[in-house]
Amino acid sequence: MLLLAHRGASADAPENTLEAFAEAVRQGADGVELDAMVCGSGEVVVCHDERLDRLAGQPWEVRTTPWWKLSRADVGSPLGFAPARIPLLAEVLDALPAHFLVNIELKCDRFDDGGLAAGVARLVRERQLAGRVVVSSFNPLCLFRLAAVAPTLRRGFLIDPDKPWALQAYALSPLVSSHSVHPFHEACTQERVAAWREAGLSVAAWTVDDPRRARELREVGVSYLITNRPGLVREALR
């Protein structure tokens, strides 16, 4: 089971920043999970929230704010860390070590993704990183668009625990997933994991910081464990 640091090692560094990804490397993660969205000037940035109220104490909406302005936001101090900034996806891909896996989540709940899927595909293709990238999303339309522009790029469908299970797991997932399915960890029963694996899909469970639960998920066959504390979980799994 491979450990992916959730938004980087986000328990110990400000989420989705270069500092958090560097900390994930230091803690011995196998890779990172990060969030990608398009900002107001068209660049793909790494950020989870649509607005920066929580992260930076600013009312700015990412999709309408240009990069030059977003790059000045401090997304470290409001979370209790040293000052940090929102990075471009290109910066993160260039900074990660060559062995690291990267789970890029497409953050878009609208019909029009503003070029997000195509932009991510271009950045991955330019760096020849397809062999160690998985692209996931809760939005099946994003994954359909990704399949159209980059059919060989590995795709994984995120299952929302607050939406109907059967529709997502049995109807949408087989249509949009080429590599993996990404359920909340409580949905990962032995029977479900076995069925997904039999269908040829890896299972990426989120978000697990409890060592005991991590060991349970390894036993039932989960392929990727997404965690805020990769160092702690790594030590527990030894």
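User: Which element gives the largest share of the lining of the largest cavity?

Analyst: A cavity is a set of points, on a 1 Å grid over the protein atoms alone, where a 1.4 Å probe fits but cannot get out; lining residues have an atom within 4 Å of a point. Strands are DSSP runs (E, at least two residues), and helices likewise (H or I, at least four), numbered from the N terminus. Here the largest share, 3 residues, comes from β4. This is a predicted model, in which local features need pLDDT of at least 70, side-chain atom pairs count only at pLDDT 80 or more, and totals for chains, interfaces and linings use all residues. Residues are numbered from 1 along each chain as its sequence is written, and side-chain values use heavy atoms, leaving out hydrogens and water.

User: What is the volume of the largest cavity, and which residues line it?

Analyst: A volume is the space filled by probe spheres set on the points, which are joined across faces, edges and corners. For the largest cavity this is about 60 Å³. Its lining includes Leu101, Val102, Asn103, Arg132, Val133 and Val134. Two or more lining residues come from each of β4 (101-106) and β5 (133-137).

User: How does the lining of the second largest cavity divide by class?

Analyst: Ala, Val, Leu, Ile, Met, Phe, Trp, Tyr, Cys and Pro count as nonpolar, Asp, Glu, Lys and Arg as charged, and the others, Gly among them, as polar. That lining has 5 nonpolar, 3 polar and 1 charged; among its residues are Glu15, His48 and Ile86. The cavity's volume is about 50 Å³.

Methods:
1 Å grid on protein atoms, 1.4 Å probe; cavity = no way out; pocket = protein on both sides within 12 Å on 5 of 7 lines; lining within 4 Å.
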